[in-house]
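Please keep the sequence and the structure in view while reading.

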Amino acid sequence: MNQLYGHETTRQRFTESLAAGTLHHAWLLYGMKGIGKHTLAEQLAGFVMCDSQTACGECHGCKMLTAGSHPDVYRLGLLEGKRDLKIEQVRGVLSFLSLSGAESGRRVVILDDAERMNNQAANALLKGLEEPSAGSVLLIVCSDLERLPATVRSRCMLQQCSPLSDADVQAVLEQQENPVQERYLELAVNLADGCPGTVSCLQDEGIARALLEWRELIADPVSADIGKIENWIRLHVKTVPHLLIARMLAQIIYPSLQNACDTVAFENREALQQALHKCIRWPGDVVRHSLRAGPALLACILQLRTSLREMKTA
Ligand SMILES: [Zn+2]
């Protein structure tokens, strides 16, 4: 199992109540995408399944877990290509929980992508939350708490997971099976913004190089060469994750907005802020409104450029 960085508080709270025999039967691990919530859940499951509850790595329980063949651990999440987590999947959990632990007398369920449960699925899960079977622990992983019904939330032990420090992000990126190359590490750490999972695509050198180029192209949007930007977009908008393209723009523009506080007219600041929000919303807007990604991005950049210019000349 990968070593886990960050999330010490959650891990400590979990192991303490496990040792004290007071572990809540349903933990809801929530927080931004890409910060390692799933890896955390796997590690917490490791504590439960270990014969000495220490995730020792040596005992029968630990070895079975590492081999991926522990009969008392059940995992579910969004299936590839599906929009929702379906009721059939949750029913699988309930029948698993009604069995007695085959090996250990303990059972762990890791429910990933919980925010994607449809209503039926969430209602089915409630049953499992209301009547927990002895020795079972449900680890629910969720990156959008608002989308989870309050009835589910209120029956869980809520545990917020925070973005990682830059040092932890770097450690995660370095220990990946296919690590980000050293020359792109600084770029990846900056761009991750505490969420290493969102930049694992920088393992692909083509994407990493394209993002470095992007950073240079947009470093000074006011005097940027629009022809070159257009060309970059045409070449890379299909392969480089939109989230990262937008995040880099935001990282470059945001300081100008902050620095503009006192000296700049309200309308100019307002215009820049709107242009910036348009960039941040661009990845979502492309999906929601079926926009053509390239032209929509170019429009964002032109609007940014105009508002920055007006701010300078005002
Ligand atoms: Zn063990």
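## Terms and basis of the model

A residue is called buried when its relative accessible area is under 20%, exposed when it is over 50%, and partly exposed in between (1.4 Å probe, protein chains only). The model is predicted, and local features need pLDDT of at least 70, side-chain atom pairs count only at pLDDT 80 or more, and totals for chains, interfaces and linings use all residues. Residues are numbered from 1 along each chain as its sequence is written, and side-chain values use heavy atoms, with hydrogens and water left out.

## Overall architecture

The protein chain contains 13 helices and 5 strands. Here helices (H or I, at least four residues) and strands (E, at least two) are DSSP runs, numbered from the N terminus. Along the principal axes, the C-alpha atoms fill a box of roughly 70 × 40 × 40 Å.

Of the 314 residues in the protein chain, 47% count as buried. A contact means heavy atoms within 4.5 Å. Among contacts between residues at least 6 apart in sequence, 71% join residues at least 24 apart.

## The zinc site

Which residues supply the protein donors of the zinc ion? They are Cys50, Cys56, Cys59 and Cys62, each through its SG atom, at 2.3 to 2.4 Å from the ion. Donors are N, O and S atoms within 2.8 Å of the metal (3.2 Å for Na, K and Ca); water is not among the atoms, so sites may look incomplete. In sequence, the spacing of the donor residues is C-x5-C-x2-C-x2-C.

The arrangement around the zinc ion is tetrahedral because the 4 donor atoms subtend angles of 101 to 116 degrees; four donors count as tetrahedral if all angles lie between 85 and 135 degrees. The ideal angle for four tetrahedral donors is 109.5 degrees. Cys50 is buried at 0% relative accessibility, whereas Cys56 is partly exposed at 33%.

## Two residues within helices

Thr10 belongs to helix 1, residues 8–20. Its relative accessibility is 3%, so Thr10 counts as buried. Not counting residues up to four places away in sequence, Thr10 touches Trp27, Leu29, Leu40, Gln159 and Gln160.

Leu126 lies in helix 5, residues 119–130, and is buried at 11% relative accessibility. Apart from neighbours within four places in sequence, Leu126 contacts Thr151, Val152 and Arg155.

## Packing of helices 11 and 12

Two packed helices are described by the angle between their axes and the distance between the axes. Helix 11 (residues 242–259) packs against helix 12 (residues 266–288) at about 170 degrees, with the axes 9 Å apart. Helix 11 is therefore roughly antiparallel to helix 12, a term for angles over 145 degrees. The axes are lines fitted to C-alpha atoms over the stretch in contact, and angles run from 0 to 180 degrees between N-to-C directions.

The residues that meet include Leu249 and Ile253 in helix 11, and Leu276 and Ile280 in helix 12.

## Positive phi angles in loops

Most residues other than glycine have a negative phi. Gln53, which is not a glycine, has a positive phi of about 55 degrees. Gln53 is located in the loop between helix 2 (37–49) and helix 3 (60–66), and its relative accessible area of 29% makes Gln53 partly exposed.

Ser290 is not a glycine either, and has a positive phi of about 45 degrees. Ser290 is placed in the loop between helix 12 and helix 13 (293–313). Is Ser290 buried or exposed? Ser290 is exposed, because its relative accessible area is 63%.

Notes
Tetrahedral: all angles 85-135°; square planar, octahedral: opposite > 155°, others 65-115°. Parallel < 35°, antiparallel > 145°, perpendicular 65-115°, else oblique.
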